[in-house]
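Hello,

Here is the structure for you to look over. My notes follow below it.

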Amino acid sequence: MDARNKEPKIVIIGCGIGGAATAVALQNEGINAEIYEQASAITEVGAGIGMRPPTINFFKKWGIYEDIERKSSLSNFMEILLGNGDVLVKENWPLLTNGDEEGGWARLIHRADLIDILLSHIPPELIHLKHRCDSIITHENYAEVHFENGKSIEADLVIAADGIRSLVRSNFFSKVDPVYSGTHAYRAILDEKDSFGLFEDNTFKVFIDGDVNVYVMPLHHRNQISFDVTVPSEKVAWRPDIDKTAMLSYLKNFDSKIQAIAANIENYTCRAVYDIEPVESWNSNCVTLLGDSAHAMLHHQGQGANMAIQDGGVLAESLSDSKTIPEALKKYYARRKPVTDKYQELSRQQHNQEATTAFPEKEAFEQK
Ligand SMILES: Cc1cc2nc3c(=O)[nH]c(=O)nc-3n(C[C@H](O)[C@H](O)[C@H](O)COP(=O)(O)OP(=O)(O)OC[C@H]3O[C@@H](n4cnc5c(N)ncnc54)[C@H](O)[C@@H]3O)c2cc1C
């Protein structure tokens, strides 16, 4: 690949799941990238993620699947249930990819374990904490990146994995603000022994009552479950200072065991849920968006982190297969934009009583 230097200098802004996965993907292609993260430590909220077959295929390619397998549980089914526990839909996880005979499952992982595994495959000297990017100046074929701490660097390519409130997106690609979904998500991890025997199999369950959704993801390898409750709220603050009384009041039609689990939770996070409208352009010659900065989506299809990881895989492959960085960015955008547009659209569909499938994405992406 031609760049100003023989070895292109690649900088990733943000060390969330997207930034970290991209660094691992690039390394697998023999490309070192430096990551600059604003936080003083890399932490993840207590919650689970269902990793889907196309994501797992990248982990296999990058040589990290054994680590992932050790720290995750297999799930064969997803169910949508009424709040009282009556099952509306029970389905095998879809394959969504070619030629993987082991499909029909997802692997359920704690977010903190996922980020730890990714970080364990990145040389620590490539990760720079306490570096908040505050401006980027682009030139024809390189960018200057400036940080709040006074440091500046130059790069042939800046990969902005800086999340839903991306500074890079708003400086270069879209001034449009994130869109509030009108809901709050409460998320907690609890011990299986405190779940009244409700979640002993490996099925991922979504309980619904109108616009209230309770997501229960078994993390059997940890003897824990991930318990997320989405309820309506008009409070738009990103991290609302709120206790769980409002959430509990929405669960009155739910099975008494679910109400009891929610009432007993002590450690939880509460976030206002936002997404963004599709961004038409992600790339300049030397800057690109990735993950939530490019296409933040609501959590109803459980795809945001999956998309960020797959972005990293496709970007690394595109850089490896191209003669120039602009050519690689074009390929990356062409492969990822249609997929992420579709998931952004589907993710606005909250699971509801009329659901005939747990996986609306099957129609668009299941290989025939
Ligand atoms: C309630 C809920 C449930 C979800 N469940 C799922 C699920 O089951 N499955 C799934 O696939 N996805 C799920 N998601 C989506 C998923 O969490 C996100 O899509 C994913 O974490 C995005 O990763 P990212 O790396 O793009 O962004 P982020 O995780 O937001 O990381 C961005 C990083 O950039 C850093 N940063 C920001 N600005 C700067 C700056 N100026 N300079 C330096 N660093 C900066 C931040 O500190 C952060 O570390 C869920 C989301 C929510 C809200």
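Helices (H or I, at least four residues) and strands (E, at least two) are DSSP runs, numbered from the N terminus. On that numbering, S174 sits in the loop between α5 (167–173) and β13.

First, the ground rules. This is a predicted model: local features need pLDDT of at least 70, side-chain atom pairs count only at pLDDT 80 or more, and totals for chains, interfaces and linings use all residues. Residues are numbered from 1 along each chain as its sequence is written, and side-chain values use heavy atoms, with hydrogens and water left out.

The ligand

One is 2.8 Å from a polar backbone atom of G18. For N306, again a polar backbone atom, the distance is 3.0 Å. For Q38 it is an N or O atom in the side chain, also at 3.0 Å. Taken alone, the ligand exposes 1,000 Å², and the protein buries 84% of that. Areas come from the Shrake-Rupley method with a 1.4 Å probe.

Helix α2

Seven of the ten residues of α2 (residues 53–62) are buried, so this helix is largely enclosed by the rest of the structure. Buried means under 20% relative accessible area (1.4 Å probe, protein chains only). The buried residues are P53, P54, T55, I56, F58, F59 and W62. Their cover includes α1, β3, α3 (65–70), β7 (106–110), α4 (111–120) and α9; contact means heavy atoms within 4.5 Å. G63 follows α2 and has a positive phi, near 75 degrees.

Back to S174

Is S174 buried or exposed? S174 is buried, at a relative accessible area of 16%. Its side chain reaches the backbone nitrogen of V176 at 3.2 Å. Leaving aside neighbours within four places in sequence, S174 is in contact with R169 and V279.

Best wishes

Definitions and conventions:
Polar contact = N/O pair within 3.5 Å; in protein donor to acceptor, adjacent residues only side chain to side chain. Buried < 20%, exposed > 50% of the residue type's maximum accessible area, 1.4 Å probe, protein only.
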